[in-house]
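User: Hi! Could you walk me through the packing and the side-chain pairings in this one?

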Amino acid sequence: MRPRPFTSAVLAVLATAGLLATGSQAVAAPKAPHTPASAATYNLTTVVDQWTHWTPDPYTSSHAGTLYAGTSYFYCWVHGTWYSNNGHYDDIWLLTDDDTGNGGVFVSDVNLDSWGWHHDQQVLSEC
């Protein structure tokens with residue numbers, strides 16, 4: 001899945017915040033949006049420790065931190081890169097906050113327990 005291009009509104013916010021550089025300076029790359037604590041969440045159980053990612057893919061370049069096995073809250077799901085682990089294979093990635101301090105990161109749903117893997121799209125909304 002390719003990152004979404006900047007929209008005019010995002011560029012305007014970056015410019016207002018002073019994050020849009022001019023000349024030879026770089027533009028700050030946006031990370032996945034951090035979902036506020038007031039957003040609806042649903043607790044699901046993961047069965048393995050796993051990397052979290054800034055984008056819904058398993059690549060080292062998008063690695064953010066770690067989500068440890070156990071019960072965690074999730075905000076919503078998106079389609080991303082197809083991934084296989086834990087006897088499952090699909091393209092569903094869940095938005096959460098990880099155990100190493102990163103907010104608005106993704107993990108694959110293939111590492112959920114059996115109930116979670118079969119029901120995550122029913123109990124979570126699409127992002």
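Predicted model: local features only at pLDDT ≥ 70, side-chain atom pairs only at ≥ 80, totals over all residues.

User: Great. Which residues make up the largest nonpolar core?

Analyst: That core has nine residues: L44, L67, F74, W77, I92, L94, V107, L112 and L124. Another core, of six residues, lies apart from it, and includes Y75, C76, L95 and F106.

User: And what does W77 touch, not counting residues up to four places away in sequence?

Analyst: W77 touches I92, W93 and L94, then D120 and Q121, and also L124, S125, E126 and C127.

User: Switching to rings: how many aromatic pairs does a search of the whole structure find?

Analyst: Three aromatic pairs turn up. In one of them, Y73 and Y75 have ring centres 5.7 Å apart and planes at 75 degrees, so that pair is edge-to-face.

User: Are those two tyrosines, Y73 and Y75, buried or partly exposed?

Analyst: One of each. Y73 is partly exposed, at 34% relative accessible area, while Y75 is buried, at 7%.

User: What about Y83 and W93, how are their planes arranged?

Analyst: The planes of Y83 and W93 are at 45 degrees, with the ring centres 5.9 Å apart, so the pair is tilted. W93 is buried, at 1% relative accessibility, whereas Y83 is partly exposed, at 25%.

User: Nice. Now sulfur: which cysteines form a disulfide?

Analyst: C76 and C127 do, with their sulfur atoms 1.8 Å apart. A search of the whole structure finds one disulfide.

User: Why is the disulfide right-handed?

Analyst: Because the torsion about the S-S bond of C76 and C127 is about 95 degrees. This pair links distant parts of the chain, 51 residues apart, with C76 in strand β5 and C127 in the segment after β8. C76 counts as buried, at 8% relative accessibility, and C127 as partly exposed, at 45%.

User: Last topic, T52. Where is its place, and which side chain does a polar contact join to T52?

Analyst: T52 is in strand β2 (residues 50–53). Its side chain is joined to that of D98 by a polar contact of 2.7 Å. T52 is buried, with a relative accessible area of 0%.

User: What else is T52 in contact with, leaving aside neighbours within four places in sequence?

Analyst: Besides D98, the contacts of T52 include S62, H63, A64, G65, T66 and L67, along with V105, F106 and V107.

How values were computed. Residues numbered from 1 in each chain as written. Heavy atoms only, no water. Core = buried A, V, L, I, M, F, W, Y, C linked by side-chain atoms within 4.5 Å. Buried < 20%, exposed > 50% of the residue type's maximum accessible area, 1.4 Å probe, protein only. Contact = heavy atoms within 4.5 Å. Phe/Tyr/Trp six-rings, centres within 6.5 Å; stacked < 30°, edge-to-face > 60°. Helix = DSSP H or I, 4+ residues; strand = E, 2+ residues; numbered from the N terminus. Polar contact = N/O pair within 3.5 Å; in protein donor to acceptor, adjacent residues only side chain to side chain. Disulfide = S-S within 2.5 Å.
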